[in-house]
Amino acid sequence: MKILRIFIILFLFLGFSHLKSDEKKDELKIKILKNIRCLICQGQSVYDSESEFAYTIKLIVDKKIDEGLEENSIYEFLREKYGDWIIYDPKLNKNTYILWVLPLLLFLLGGAIMYKKIK
Amino acid sequence: MLASQIGYYSLILGLFFSILLSGYSVKDFKIKSKVINQNLLSLSFLQLFFVIISFISLILSFINSDFSNETVFNNSHTTKPLFYKISGTWGNHEGSLLLWLLVLTLFIFIFLIKSKEQPKKYRILTLLFQQIIIIGFFLFVLMTSNPFNYLFPTPKEGLGLNPILQDPALAIHPPILYLGYVGTSIIFSASLAAVTQNYVSREWAYHIKKWILVSWIFLTIGIMLGSIWAYYELGWGGFWFWDPVENVSLMPWLTLTALLHSIIVLEKRATLKSWVIILSITSFTLSMCGTFLVRSGILNSVHTFANDPSRGVFILIFLFILIILSLVIFFFYFKDNNKDLNNFFLLSKETSILINNWFMMYFLSVVLIGTVYPIFLDVIASEKISVGPPFYHKLIIPFLIPFFIFMSLGPGLKWIKSKIDNKNSLIITFIISIILSLFIIKNLTTEILYYTVLVSVAFFLFFTTLKELFTKKFNNSSQIIAHFGFSLLILSILFNSILSSEIITNMKIGKKYTYNNSEIFFKKIEEKSKSNFNSIIAHFEIKNENGKIFELKPEIRIYNQPVIITSEADIKTTLLEDKFLVMNLVKGNEYFNVRYQEKPFMIWIWISVLLISLGGLMSFFKKQYEK
């Protein structure tokens, strides 16, 4: 019972966040900006870029967060406007099944080979 | 002018000696003596000598700003400091290939000197396979990428070197990285030679392990230098971007790391032969692919400075020939004589090393597929997708958890059959790791569960390796130090990413910005001019929570040749954290965009990588067989 009590206390602590709301917003914004490609740059994210394009996107993201949009809805919004190329996180669809699943299959295959090797 | 001529003809002479060397090798292969003909060594030296002459000629052309040489014209400028004139030699496509060639010929020469105890036929075959690669590169340089093309009339001034390449870390990054890349060519040639001679044995493993270590150490340090450069020059405090060019250097590193582990099994237990050969071939193929992918301009990347698809075709065909050759040799010559030794017990060092290889191959497949798949999709379906950090994080990070646990347990196991004899202390260590990380993490971030799990396993790895560092007698110190460095690296990266904080704001001169009891004060700017750039240096005073004041001076440089504006961050490094300030011009405005970051444990990331390399270095100098 004592262990249970300690765990309950620990989990109460876990639910407690020390960050203020605007700090949270900044954190979210940076996270989102890092996942957006600057379309006119060479391999830079919008976060890393100072181009005018990046500037516009930053404003859009800022506005969308204020409107209360979720992270994923912001990505969706940008995808619709600029295409899949703009988001660094490829969506799981018929184009990307291989991309997402092949490494996992190879891992299982490796596991099977290992299993055969071990007595 | 004269230097270019000498350089060009030296290259042709080098090619001539390579062909001569190949001919003599074939002849000597048939002669029934136990030692190889001394002529082969002399010819190998001549081949190396002329490539050195050629390389020095190119350096001299750069130093003298000889713009009748096309490579110099394209990549240099009279106002550039001497150091960057020299480093400009390999900061471009032609020069970097000449450097490849230099290392190729250097390594085979060293191989010949250092392999005197090895069987004669094996040595000659290694030399021959290496000559195929060398001649291929000679032809590549002479036919598609001659560094000594003559320009007439001679231009008065060169086009200059991309300013972001004018940097000390990046000046030595390519040579170090290439030593790693090209080292895999020796492993490749030696593996094929060993297969044909049925010499894949414990003795061979001991001998080739040194070469694996050489490649691995240089590759590790090379990647680190690139990363350091990206940290202060390219990114805004990031040090790894999962950029295709970074991935391309990581891939051979992963296979080499796997090889480094499985070669120990071969050395100790004379098994895993075919796997070691496959890894050797893969490591070299990936190094070649690296050159191909970077130099062909296929990758849309910050690093692609030299775009030329026609050269890519040459490398692609060459690579294709080498792969076919190695597959043919592998399938026709490879014999595994002791099949009965092939099964391992679950609890044994062999199995733990296999698990390491299993994960390494998985990480490799993620990086390889993530890097190459978008190119294929673009070609086949004309669909453009971006594969960036979220993809790699999602597929790699969950697998790190079992990986770290296996890595904590593996080194404690014995060969053949083992048991875990310190179960209790391991369980206690594990529980301590969980509690410790829970207490540290709970106040720091919103993603508590995610980070607690990660930090727990990282701590577990750290504590178990730390314990080994202190309890084990120093018979395997190289492994322990490398593993300790790795655990330190993981912890530093984790805490760096959790604790980094950042302020982005626009500021005018003379203004203050306050946040959380801290203050950024934009004091003034001054202007300076140097031969190759003018710069605006800003003076910032930063007062942190404890009232401590320090100054940071970021710079904006306007390079003159070519005209490019770069931002130079100012970084104050201490053992605990890096303070990182960078600013940017905002077009048409009188204010500057200012980013201030506090990045904890940054220096520990570099220190841990150095520790990992040190482990490799100690293993390199170890004289005895694996225990």
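Two residues are in contact if their C-beta atoms, placed from the backbone, lie within 7 Å. Keep that cut-off in mind for the tour.

**Before you start**

This is a predicted model, in which local features need pLDDT of at least 70, side-chain atom pairs count only at pLDDT 80 or more, and totals for chains, interfaces and linings use all residues. Residues are numbered from 1 along each chain as its sequence is written, while chains are lettered from A and ligands numbered from 1 in the order in which they are written.

Colour by pLDDT, the predictor's confidence in each residue, from 0 to 100. Chain B has a mean of 89, and 95% of its residues reach 70 or more. Now select residues 301-306 of chain B. Here pLDDT stays under 50. The model has 20 contacts beyond four places in sequence for this stretch. For the complex, the predictor gives an ipTM of 0.89 and a pTM of 0.92.

**Stop 1: chain A**

Helices (H or I, at least four residues) and strands (E, at least two) are DSSP runs, numbered from the N terminus. Chain A has five helices and zero strands. Its pattern along the sequence is α-α-α-α-α.

Next, colour by domain; the bounds come from an automatic or database domain assignment. Domain 1 of chain A covers 21-88 and domain 2 covers 92-119. Their C-alpha centres lie 32 Å apart.

How much of chain A is buried? A residue is buried if 20 or more other C-beta atoms lie within 10 Å of its own, exposed if 12 or fewer, and partly exposed in between, with C-beta atoms placed from the backbone. Of the 119 residues in chain A, 21% are buried. Among contacts in chain A with a separation of 6 or more, 38% join residues 24 or more positions apart.

**Stop 2: where the chains meet**

Bring chain B back. In the interface, 39 residues of chain B are in contact with 36 residues of chain A. Select helix H12 (349-381) and helix H13 (389-409) of chain B; these are the elements that give two or more residues to the side touching chain A. Which of them gives the most? It is H12(B), with eleven residues.

Colour that side by class. Ala, Val, Leu, Ile, Met, Phe, Trp, Tyr, Cys and Pro count as nonpolar, Asp, Glu, Lys and Arg as charged, and the others, Gly among them, as polar. The side of chain B that touches chain A has 22 nonpolar, twelve polar and five charged residues.

**Stop 3**

Chain B is assigned domain 1 (1-161), domain 2 (167-414), domain 3 (415-500 + 612-621) and domain 4 (501-603). The C-alpha centres of domains 2 and 4 of chain B are 38 Å apart.

Now look for the largest nonpolar core. Such a core is a set of buried Ala, Val, Leu, Ile, Met, Phe, Trp, Tyr and Cys residues joined through C-beta atoms within 7 Å. The largest one has 151 residues, of which Leu101(B), Leu104(B) and Ile212(B) touch the most other members. Helix H8 (residues 202-234) of chain B supplies the largest share of this core, 20 residues.

Centre on Ile212(B). Beyond four places in sequence, Ile212(B) touches Ile187(B), Leu256(B), Leu259(B), Leu260(B) and Ile263(B).

**Stop 4**

Select Ser115(B), in the loop between helix H5 (93-114) and helix H6 (120-144) of chain B. Ser115(B) counts as buried because 20 C-beta neighbours lie inside 10 Å. Setting aside neighbours within four places, Ser115(B) contacts Arg123(B) and His207(B). Ile208(B) is 93 residues from Ser115(B) in sequence, and 9.6 Å away, C-alpha to C-alpha.

Most residues other than glycine have a negative phi, and most peptide bonds are trans. The next stops depart from that.

- Phe152(B) to Pro153(B): this peptide bond is cis, with omega near -5 degrees. Pro153(B) lies in the loop between H6 and helix H7 (168-196) of chain B.
- Ala270(B): phi is positive, about 50 degrees. The loop lies between helix H9 (244-269) and helix H10 (273-296) of chain B. Ala270(B) counts as partly exposed, because it has 16 C-beta neighbours inside 10 Å.
- Asn517(B): phi is near 65 degrees. Find Asn517(B) between strand E2 (512-515) and strand E3 (518-529) of chain B. With 10 C-beta neighbours inside 10 Å, Asn517(B) counts as exposed.

**Last stop: a hairpin**

Select strand E4 (residues 533-543) and strand E5 (residues 549-552) of chain B. They pair in the antiparallel sense over four bridges; strands pair if DSSP finds at least two bridges between them. Glu541(B) has Glu551(B) in E5(B) as its bridge partner. The two strands form a hairpin with five residues between them. In the turn, Gly547(B) has a positive phi of about 80 degrees.
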